[in-house]
Amino acid sequence: MKNVLSQIENKVLTITINRPDKLNALNQATLSELDDIIQDAKNNENVSVIVITGSGDKAFVAGADISELATTNANTGMHFAQYGQSVFNGIENCGKPVIAAINGFALGGGCELAMACHLRIASDNAKLGQPEIKLGVIPGFGGTQRLTRLIGKGRSMEMNLLGDMVSADKAEQWGLVNLVVPQGELTATVSKIAQQLADSAPIALGMAIDAINRGLECGLNEALDYEVKAFGICCASEDKNEGTGAFLEKRTAQFKGK
Ligand code: COA
């Protein structure tokens, strides 16, 4: 892999978008490498949690690659957006928790990539935004939709129409990121959270992610019904026996994902 690095340690797969000279902008090749790694990770028993970050200390991802965007027409533009959406849907639905470690600019496709992740931890130098409007386009990798679901219509309109960047602190206030930490503490903080997730019950984590995501796509009754079924699946797992047994025996649970 040329544009994306990956490394597994203690069941945590860290994926680093690695085009620092282009502020980790996502060209087609990078998206394709990212997709391959996510697809492999889905079925890899050695991976329980995924962290996505950017190379260097300036950018998470500064957007889709504008030099490729410049060459699009209606047809190729739609294909590019469809492809980006399918890669990001693959992240959102990969069945394992994915954390965005936002180490700098998360703009355009970078903000959209972060929003496809399940948790977003940002360093205090991070800046987030959907600046596509300044290029004469709109977000195509989910930005008009995931942003609205995350922070509400009014703020999503503001970010999408003005295209200005918001600071990490404001992003935290708005619920666009879960936590902001000093730049030097980002890696350690994300590792700690990733390890907590890696030690947790994998089936229950997958069910919680699925129930929350699906619930946003349907009415309350249907969503609650889905929760009932997901709860039933968890109750049938060995991990439920281990988790409840460990509590009652006052010991730490050892989950196996079974
Ligand atoms: N696509 C392609 N290249 C990009 C890029 C992108 N989205 N974002 C940054 N780069 C490239 C720059 O062209 C530059 O390359 P060069 O050195 O070969 O000229 C390099 O990354 C460094 O960027 P630069 O603009 O010089 O850094 P800066 O610190 O002055 O500004 C940003 C940083 C993030 C404010 C600025 O790069 C920017 O606005 N990027 C575009 C953000 C955007 O519109 N994203 C949505 C795209 S759909």
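**Aromatic rings**

I searched the whole structure for aromatic pairs and found two. I worked on a predicted model, in which local features need pLDDT of at least 70, side-chain atom pairs count only at pLDDT 80 or more, and totals for chains, interfaces and linings use all residues. I number residues from 1 along each chain as its sequence is written, and side-chain values use heavy atoms, with hydrogens and water left out.

I described each pair by the distance of the ring centres and the angle of the planes. I took rings of Phe, Tyr and Trp (its six-membered ring) as paired if their centres lie within 6.5 Å, with planes under 30 degrees apart counted as stacked, over 60 as edge-to-face and the rest as tilted. Phe-80 lies in helix H3 (residues 74–92) and Phe-141 in the loop between strand S8 (127–129) and helix H5 (143–151), so the pair ties together parts that are 61 residues apart in sequence. Helices (H or I, at least four residues) and strands (E, at least two) are DSSP runs, numbered from the N terminus.

Phe-80 counts as buried at 6% relative accessibility, and Phe-141 counts as buried at 3%.

I noted Phe-88 and Phe-141 as another edge-to-face aromatic pair, at 5.5 Å centre to centre and 85° between the planes. Phe-88 lies in helix H3 and Phe-141 in the loop between S8 and H5, so this pair ties together parts that are 53 residues apart in sequence. Phe-88, at 0% relative accessibility, counts as buried. I recorded Phe-80, Phe-88 and Phe-141 as one aromatic cluster.

**Ligand**

I looked at individual atoms next: an N or O atom in the side chain of Lys-22 is 2.5 Å from an oxygen atom of the ligand. On the backbone, an N or O atom of Ala-62 lies 3.0 Å from a ligand nitrogen atom, and an N or O atom of Ile-66 lies 2.9 Å from a nitrogen atom of the ligand. The ligand taken alone exposes 860 Å², of which the protein buries 60%; these accessible areas come from the Shrake-Rupley method with a 1.4 Å probe.

**Single residues**

I placed Ala-62 in the loop between strand S4 (59–61) and helix H2 (66–69), and at 23% relative accessibility Ala-62 counts as partly exposed. The C-alpha atoms of Ala-62 and Gly-108 are separated by 6.7 Å, although these residues are 46 apart along the chain.

I found Arg-19 in the loop between strand S2 (12–17) and helix H1 (28–42), and Asn-27 has its place in the loop between S2 and H1. Arg-19 counts as buried at 13% relative accessibility, and Asn-27 counts as buried at 11%. Leaving aside neighbours within four places in sequence, I listed the contacts of Asn-27 (heavy atoms within 4.5 Å) as Asn-3, Arg-19, Asp-65 and Glu-68.

Definitions and conventions: A polar contact is a pair of N or O atoms within 3.5 Å; within protein, one must be able to donate a hydrogen and the other to accept it, and residues adjacent in sequence count only if both atoms are side-chain atoms. Buried means under 20% relative accessible area, exposed over 50%, partly exposed in between (1.4 Å probe, protein chains only).
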